[in-house]
Amino acid sequence: MVKVQQEGDVVDLILEQHKQIRQLFSRVVHTEGEERARTFEELTHLLEIHEQAEERVVHPVTKDVARGVAEARVHEEDEAKKMLKQLKKMGPDADGFDDLFQQLKHAVDEHATQEQREEFPKLREKCDEDQLREMAEKFRKVQATGDGRRKR
Ligand SMILES: [Fe+2]
Ligand SMILES: [Fe+2]
């Protein structure tokens with residue numbers, strides 16, 4: 001099951017989850033059968049709650065100081081969601097799964113790199129340590145309860 005880190009500020013928490021996400025992507029590539037299906041499910045769940053919490057807790061704060069940066073990240077998340085939805089529908093044994101999965105892996109990797117390179121420095125500039133810890137609390141809460149679905 002996905003473990004959510006209990007300490008640190010919101011950036012630490014997200015960096016840890018990016019690492020978990022990358023590991024799960026690579027495990028899906030290197031496993032097969034039931035283990036692969038289970039790992040894909042775990043990855044799907046983590047990706048969904050990760051992006052949901054970022055959309056609820058992180059990007060709105062970035063938007064105040066760097067609107068374009070926040071909007072670009074949300075756009076990438078929307079694109080990834082479409083791919084993930086399609087992959088879930090196909091299932092890991094389907095023809096074409098591997099190609100689309102590689103595309104998603106690449107897109108999510110790029111996306112996480114952009115967050116780390118572009119977005120988090122802005123966040124650290126804007127918020128002090130208390131605010132970043134408070135955001136970590138909220139982030140965990142959203143992930144635990146599924147609260148805060150983005151309104152469209
Ligand atoms: Fe994200
Ligand atoms: Fe992220």
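This is a predicted model: local features need pLDDT of at least 70, side-chain atom pairs count only at pLDDT 80 or more; totals for chains, interfaces and linings use all residues.
User: How do the residues of the contact of α2 with α3 divide by class?

Analyst: Ala, Val, Leu, Ile, Met, Phe, Trp, Tyr, Cys and Pro count as nonpolar, Asp, Glu, Lys and Arg as charged, and the others, Gly among them, as polar. Leu47 of α2 and Val69 of α3 are among the residues that meet. The division is five nonpolar, three polar and seven charged.

User: What is the orientation of α2 and α3 relative to each other?

Analyst: Axes are lines fitted to C-alpha atoms, for helices over the stretch in contact, and angles run from 0 to 180 degrees between N-to-C directions. Helix α2 (residues 33–65) and helix α3 (residues 67–90) pack at about 165°, with their axes 10 Å apart. Angles under 35 degrees count as roughly parallel, over 145 as roughly antiparallel, 65 to 115 as roughly perpendicular and the rest as oblique. The two helices are therefore roughly antiparallel.

User: Is the crossing of α2 and α5 left-handed or right-handed?

Analyst: The axes of α2 and α5 come within 9 Å and cross at roughly 135°, which makes α2 oblique to α5. A crossing is left-handed if the near helix is turned anticlockwise from the far one by less than a right angle, and right-handed if clockwise. α2 passes α3 in a left-handed crossing. The crossing of α2 and α5 is right-handed.

User: Which residues in α5 are met by Ile49, Gln52, Ala53, Arg56, Val57 and Val58 in α2?

Analyst: The residues of this contact divide into seven nonpolar, two polar and two charged. On the α5 side, the partners are Met135, Lys138, Phe139, Val142 and Gln143.

User: How many nonpolar, polar and charged residues has the contact of α1 with α5?

Analyst: The axes of helix α1 (residues 10–30) and helix α5 (residues 129–145) come within 7 Å and cross at roughly 50°, which makes α1 oblique to α5. Val10, Val11 and Leu13 in α1 meet Leu132, Met135, Ala136 and Phe139 in α5. By class, the contact has seven nonpolar, no polar and no charged residues.

User: Is His59 buried or exposed?

Analyst: His59 is found in helix α2 and touches Glu54, Ala70, Arg73 and Val74, not counting residues up to four places away in sequence. A residue is buried if 20 or more other C-beta atoms, placed from the backbone, lie within 10 Å of its own, exposed if 12 or fewer, and partly exposed in between. Because His59 has 21 other C-beta atoms within 10 Å, His59 is buried.

User: What distance separates the C-alpha atoms of His59 and Glu71?

Analyst: Glu71 lies in helix α3 and is partly exposed, with 13 other C-beta atoms within 10 Å. His59 and Glu71 are 12 residues apart along the chain, and their C-alpha separation is 8.0 Å.

User: What is the radius of gyration of the protein?

Analyst: The protein has five helices and zero strands, and 28% of its 152 residues count as buried. The radius of gyration is taken over C-alpha atoms, and the globule rule is 2.2 Å times the number of residues to the power 0.38. For 152 residues that rule gives 15 Å, and the protein lies close to it, so the protein is as compact as a globular protein of that length, with a radius of gyration of 15 Å.

Methods:
Residues are numbered from 1 along each chain as its sequence is written. Chains are lettered from A and ligands numbered from 1 in the order in which they are written. Helices (H or I, at least four residues) and strands (E, at least two) are DSSP runs, numbered from the N terminus. Two residues are in contact if their C-beta atoms, placed from the backbone, lie within 7 Å.
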